[in-house]
Each structure stands twice: as structure tokens, then as C-alpha cells.
Amino acid sequence: MAGENSPQPDGNGPLLNQRAAMIFLLGVLVGIGAGCLTLLATSPWPVAVTTGAAATAGAVLFFDRIIE
């Protein structure tokens, strides 16, 4: 059969590689910073959460482009 000789993953590998982990970490840090700054500007918390989420998404896209 064709599938008998294919290697089976052992399940011990990393969930994310180092590049992806760094991109997500930086994105989350940017989002937390944007959310905190929005809260400090006396905005309501739903606005701060939305701002943080948008900043996270933008930062992940940005860092994905610049980190090789």
C-alpha cells in the first residue's frame, strides 16, 4: 500500500516554530500596549479591547512581513 511506508509523526515536535512564536508574541505585546494606552485615555473597556485586537492583527501582519 502507498501509505504504509510514510513516516508517522511522533507528536513530540514543537507546536510553533521560533519565527511564528516571535511574531505572535510581538503582536500580543503590541495589542496589550495599545489596549492599556486606550484605557489610560479614559475610553470604555470595550473600546480598549477592540483597539487592542485590531492592533494585534495589524502587528502580526506587519511582523510577518519584516521578520525572515
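This is a predicted model: local features need pLDDT of at least 70, side-chain atom pairs count only at pLDDT 80 or more; totals for chains, interfaces and linings use all residues.
Let's start at Arg19, which is partly exposed with a relative accessible area of 34% (buried means under 20%, exposed over 50% and partly exposed in between, with a 1.4 Å probe and protein chains only). Residues are numbered from 1 along each chain as its sequence is written, and side-chain values use heavy atoms, leaving out hydrogens and water.

**The chain as a whole**

- The chain has 2 helices and 0 strands; these are DSSP runs numbered from the N terminus, with helices (H or I) of at least four residues and strands (E) of at least two.
- Of the 68 residues in the chain, 18% are buried.
- If you take the contacts between residues at least 6 apart in sequence, 66% of them join residues at least 24 apart (a contact means heavy atoms within 4.5 Å).

**The salt bridge**

- The count comes to 1 salt bridge, defined as a side-chain nitrogen of Lys or Arg within 4 Å of a carboxyl oxygen of Asp or Glu.
- The partners are Arg19 and Asp64, whose side chains meet at 2.9 Å, N to O.
- Because Arg19 lies in helix 1 and Asp64 in helix 2, the pair ties together parts that are 45 residues apart in sequence.
- Asp64 is partly exposed, at 38% relative accessibility.

**Phe24 and its surroundings**

- Phe24 lies in helix 1 and counts as partly exposed, at 44% relative accessibility.
- Leaving aside residues up to four places away in sequence, Phe24 touches Leu16 and Val60.
- Phe24 and Thr56 are 32 residues apart in sequence, yet their C-alpha atoms are 8.5 Å apart in space.
- Together with Leu15 and Leu16, Phe24 forms a nonpolar surface patch with about 360 Å² of accessible area.
- Patches are made of residues with over 30% relative accessible area and no salt bridge; like charges are joined within 9 Å, and nonpolar side chains (Val, Leu, Ile, Met, Phe, Trp, Tyr) within 5 Å.

**The aromatic pair**

- There is 1 aromatic pair by the rule used here: rings of Phe, Tyr and Trp (its six-membered ring) pair if their centres lie within 6.5 Å, and planes under 30 degrees apart count as stacked, over 60 as edge-to-face and the rest as tilted.
- The ring centres of Phe62 and Phe63 are 5.3 Å apart and the planes stand at 65 degrees, so this pair is edge-to-face.
- Phe62 is partly exposed, with a relative accessible area of 47%, whereas Phe63 counts as buried at 15%.

- Thr38 sits in helix 1, which covers residues 18-40, and is buried, with a relative accessible area of 13%.
- Beyond residues up to four places away in sequence, Thr38 touches Ser43, Val47, Ala48 and Thr51.
- Thr42 is in the loop between helix 1 and helix 2 (45-66), and is exposed, with a relative accessible area of 73%.
- The phi of Thr42 is near 60 degrees, a positive value in a residue other than glycine.
- For background, most residues other than glycine have a negative phi.

Terms used. Accessible areas come from the Shrake-Rupley method with a 1.4 Å probe; for residues, only the protein chains shown count as cover.
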